[in-house]
Amino acid sequence: MAESDSGARKSAAYPYSSGGWGSLRAVAGVLAQEKVPLKKSSVLLKQNKPDGFACVSCSWAKPADPHVFEFCESGAKATAWDLTAKRMTPQFFELHTVTQLCAWHDHDLEEAGRLTAPLRYDADTDKYLSVSWEEAFEEIGRELGALDPKRVVFYTSGRASLETSYMYQLFARMYGTNNLPDSSNMCHESSSVGLKEAIGAGVGTITLDDFEKTDLMFFFGQNVGTNSPRMLHQLQDARKRGVPIITFNPLREPGLLQFVNPQSPVEMLTPAHTVISTQYHQVKTGGDTAAILGICKAVIHADDRAIERGESRLLDVDFIEQHTAGFPAFAEYLRAVSWDDIERVAGLSRGDLEAAAEEYMRANAVIIHYGMGLTQHRQGVQNVRMLCNLLFLRGNIGKPGAGPSPVRGHSNVQGQRTVGITEKPELAPLDKLASQFGFDPPRDKGMNVVEAFEAMIEGKVSAVVNLGGNLVRSVPDRLRIEPAWQNLTLSVNVATKLNRSHLIHGKKSYILPCLSRIEVDTQASGAQAVSMEDSTGCIHGSRGVAEPASADARSEPFIIAELAKHTLGERSTIDWDRWRNDYAHVRDHIAETYPETFHDFNARMWTPGGFPRALPARERKWQTKSGKAEFCVPESIGEDPDMPERDPRSLRLMTLRSDSQFNTTIYKLDDRFRGISGNRMVILISKGDMERHGLAKGDHITLQTIAEDGFERRVAGLRIEPYDIPAGCIAGYYPECNPLLPLWHYAKESKVPGAKSIPVHIVEVNGTPRDR
Ligand SMILES: Nc1nc2c(c(=O)[nH]1)N[C@H]1C(S)=C(S)[C@@H](COP(=O)(O)OP(=O)(O)OC[C@H]3O[C@@H](n4cnc5c(=O)[nH]c(N)nc54)[C@H](O)[C@@H]3O)O[C@H]1N2
Ligand SMILES: Nc1nc2c(c(=O)[nH]1)N[C@H]1C(S)=C(S)[C@@H](COP(=O)(O)OP(=O)(O)OC[C@H]3O[C@@H](n4cnc5c(=O)[nH]c(N)nc54)[C@H](O)[C@@H]3O)O[C@H]1N2
Ligand SMILES: [Mo]
C-alpha cells in the first residue's frame, strides 16, 4: 500500500494528477463555454487576494502572501459560472412555462445564465413573470405576516457573507422562529457536534502556520484535488519538507495520489510530480471508526510494551493527565477490542494499521484533515470523536503543527454559524441579542434540515425562504419531498441562477436575483465589502470587482433588509435602511454581539491572511462538560445499523462529487480526475463485485435501497464502470443518486444524512429484473 516516500519523483506524466496543464485547459474550457470576455477573466487575479474577493467555491484558507494565481480549477470554474455572459431575462420566462422548464436537465437550467430581475409565479399561465422589487417585498412581507412563524423555515446555503447571515438570523428570530437550518446540517454538523463534545469548540484548530510545523498529516474521507484544491499548495510544501501523508479512502482518488503545480515552471515543463499520499489505505466505506481504533490499539500496545521494558513512553502522559478526561475507559476498550473485528469492519489488515501507527508514533506534531467520508455516516459523530481520541493520545492539539482539520465545504459555512445561523437556541447568544435589539428571541429549538423535511412531509411547514441552495436536489429522499415542497403556501428564493427548487415551487413563489460577491456592490454610502470565515477560523474582507450581471439584481444584505422591513414593520427596532446603505454598521453590531472574535471588526477585516476567531481549544482551554478534552468510548466498532452486512447481495453506496460540479450545480458531465466523461449516471464498482454480480463494463443497472418502510426507492440507468474500490462498496454521484437516500438514514447525534453509506441492491440489469 505504501507509495514511494520521495517528495518529487519523475515518471510518465499521469493524466489525472491534480493541477497541471489538464486543469488550466479545464479552466480555459469553462471560460469559453460561459463566453466570459477576456477582460473579465482578469478578475481571476483578484481571487482570494487581500484586496479582492473571496472565492465563491470552497472555504479553504486564504494566505497572507498569496500566489499570483491564488485560485484553483474549481474556483476558476465557479467564478466563470458567475461571470457568464448568458442571461435569463423576464423575456425568457415569458417564452417557457414552468412545466416545460421542468423537463430541462439541471445543468441546462443553470447554464442558461444569470437571473436578471425579480419574478413571481403566475398560476394562470404557469410562468414566472416579472414583478417589481417593491411589489415582491410587500407581498412576501404580507404573506409571512399572516403565517405562524413556527411553520416557516429560513434556509441558508453556506455562501452568504457574515453580514448577510447576521441580518438573516436576526430577521428570523424577530419574526419568531429558530428554524434556521443550513447546509452544514448535511455536511460538517457531525464535526460541530463531535468536536464540541470532545474539545469544547465545534471547529478545527489549525491555521496555515501549522502546515509549516507539522511532521505528519492524515486525510480521512476528503478529496482535496477535487474539493479544496488550493490546499494542495500547502500540502506540496509540506511534502517537500518530507512530511508524510497517510490517506484513508475507499477509492483510489487520483487527486490524493499526486499533484502537478501549475505555478511551478519546472513541474509544468517536465513530467515530474509530487507524491501526495505516502501511505494509501483503502478502508471499507464506513470502516473509519474501526481503522482509527486499530491505530490507537497499536499505539496503546506499543506504550504498554515500553512500560514493561522501562523505555520512554509513547503516549503524551502529561497531556493526558492534565488535559483529558475518560482515558482509562478508552484504554481498557482498546486492550479488549479484537483485531479480527477491526480488520473485518475496516477492511484493512492489522499490518496496514500498524504501519500507520508507526508513522504516527514517530511524529511530534500531527494534523488530521477530514471531510464528508467521515461525517456523512450513521456513525458520523462517533467517527469525529475517534479522530480526537487519536490526536489526544499524543497531545496533538493546542500545539504548533497539530490538531483536527475539518475541511469545510461552502465558502462561509463555518462563519454563518459563528454569527448565529443555527436552529439550536443554546448556540446563539440570545440574551445578548435580546438586550442589544430590545426584543424577545424565541427560546425553543428550531428545525434542522432533516427535521424541516420530516415536518414538511407531515404538512407542518407552510413556507420556506431559501438564501441560496437547491434543497429539492440536495436533501435525501427527493421523490418523497418534492410533493411536500409543492404543497408549501409560499417559497421565496434568493438566488443567482435558476434551479430545480424554483421550479418545484410552493403555491406562491418568488425568485429574487442577487449579486454574486464577485460583483461590485454599490449602496447609498458607496461601494460595499463583506466578510467570510474560512475553514481555519480566519476572517477576511471581500470586495467585488466585476460589473453586476444585471442592474436589476440586488445584493443579499439589501434583499434581507427589505424582507425584514416589510415583514416585521413596527415590530423591529432595527434601522434596516441604515444597515442596507452601509454594511459597516452591520459589522459594528456583530462586533457588539461577539466582542471576543469581532472587536474592531471594520478595522481588522483587511488583515492579510485574515484575523483568527477566538478559539480556546487552541490554547488548551476546554469548554466541555468536564472542562477537559474528552476521550470517548465508541458505542460500536462502526457498523452501520441499516446495512444488512450478512446479505451477500447488498452493496454500500457512497455518493460523491466530481471536479465539474459544485454541489447541485453541474458545470459539465465529466469527472476529469476519475477519467469519466459525458455521463454522471455511473456506478464505480470493483472488478470482483462485477464478477460476483455478473456485470460487464457499460451495463446499465437499477439500484434499489434496502429498507423496510414501505417506500420503493430506485434509480435506473446507471452505467457500470470498473474502479479500484473495496468489495461490497460502490460509488455514484450526488445529487443524481439522492432518491436512494432515505430521510431517516442519518447520524443520530447530528442528523447529517448518511450519504456515504446507502444500503442498496441491484434489481435490474440492462432492463431485465434480477431475482432478489
Ligand atoms: N469542485 C468542488 N468543490 C467542492 C464541492 C463540490 O461539489 N465541487 N463541494 C463543497 C462542499 S459543500 C463540501 S462539503 C466539500 C466536500 O468535500 P469532501 O469532503 O472531499 O466530499 P466528497 O466529494 O463528498 O467526498 C469525500 C471523499 O470521501 C471518500 N469516502 C467516502 N466514504 C468514505 C468512508 O466511509 N471513509 C473514508 N475514509 N472515505 C470515504 C470518497 O471516496 C471521497 O474521496 O467540498 C466543497 N468543495
Ligand atoms: N447524496 C448526497 N447529498 C448531499 C451531499 C452528498 O455528498 N451526497 N452533500 C451535502 C452537502 S455537503 C451540502 S453543503 C449540501 C448543499 O446543498 P445546497 O445548499 O442546497 O446546494 P448548493 O448546490 O450549494 O446550492 C446551489 C444554488 O445556490 C444558488 N447560489 C449560488 N451562488 C449564490 C449566491 O451567491 N447567493 C445566493 N443567494 N444563491 C446562490 C444558485 O441558485 C444555485 O443553484 O448538499 C448535501 N447533499
Ligand atoms: Mo457541504
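The model is predicted. Ligand 1 lies between domain 3 (189–406) and domain 4 (651–769), because both domains give residues to the shell around it. Arginine 580 belongs to helix α29, which spans residues 576–581.

**Shell around ligand 1**

- The ligand is surrounded by 31 residues, and the closest of these are Glu253, Gly286, Asp288, Gln661 and Asn663.
- By residue class, the shell around ligand 1 contains 17 polar, 10 nonpolar and 4 charged residues.
- At least two shell residues come from each of the helices α11 (224–227) and α20 (372–375) and from each of the strands β25 (651–656) and β26 (661–662).

- A polar backbone atom of asparagine 223 is 2.7 Å from an oxygen atom of ligand 1.
- A polar backbone atom of phenylalanine 248 is 3.0 Å from a nitrogen atom of ligand 1.
- Histidine 377 places a polar side-chain atom 2.8 Å from an oxygen atom of the ligand.
- The protein buries 99% of the 910 Å² that ligand 1 exposes when taken alone.

**Arginine 580**

- Arginine 580 counts as buried because its relative accessibility is 17%, under the 20% cut-off.
- Its side chain joins that of glutamate 562 in a polar contact of 2.3 Å.
- Leaving aside residues up to four places away in sequence, arginine 580 touches Gln523, Phe558, Ala561, Glu562 and Lys565.
- Proline 557 is 23 residues from arginine 580 along the chain, and their C-alpha atoms are separated by 6.1 Å.

How values were computed
Residues are numbered from 1 along each chain as its sequence is written. Chains are lettered from A and ligands numbered from 1 in the order in which they are written. This is a predicted model: local features need pLDDT of at least 70, side-chain atom pairs count only at pLDDT 80 or more; totals for chains, interfaces and linings use all residues. Side-chain values use heavy atoms; hydrogens and water are left out. A residue is near a molecule or strand if one of its heavy atoms lies within 4 Å of it. A polar contact is a pair of N or O atoms within 3.5 Å; within protein, one must be able to donate a hydrogen and the other to accept it, and residues adjacent in sequence count only if both atoms are side-chain atoms. Accessible areas come from the Shrake-Rupley method with a 1.4 Å probe; for residues, only the protein chains shown count as cover. Helices (H or I, at least four residues) and strands (E, at least two) are DSSP runs, numbered from the N terminus. Ala, Val, Leu, Ile, Met, Phe, Trp, Tyr, Cys and Pro count as nonpolar, Asp, Glu, Lys and Arg as charged, and the others, Gly among them, as polar. Domain bounds come from an automatic or database domain assignment. Buried means under 20% relative accessible area, exposed over 50%, partly exposed in between (1.4 Å probe, protein chains only). Contact means heavy atoms within 4.5 Å.
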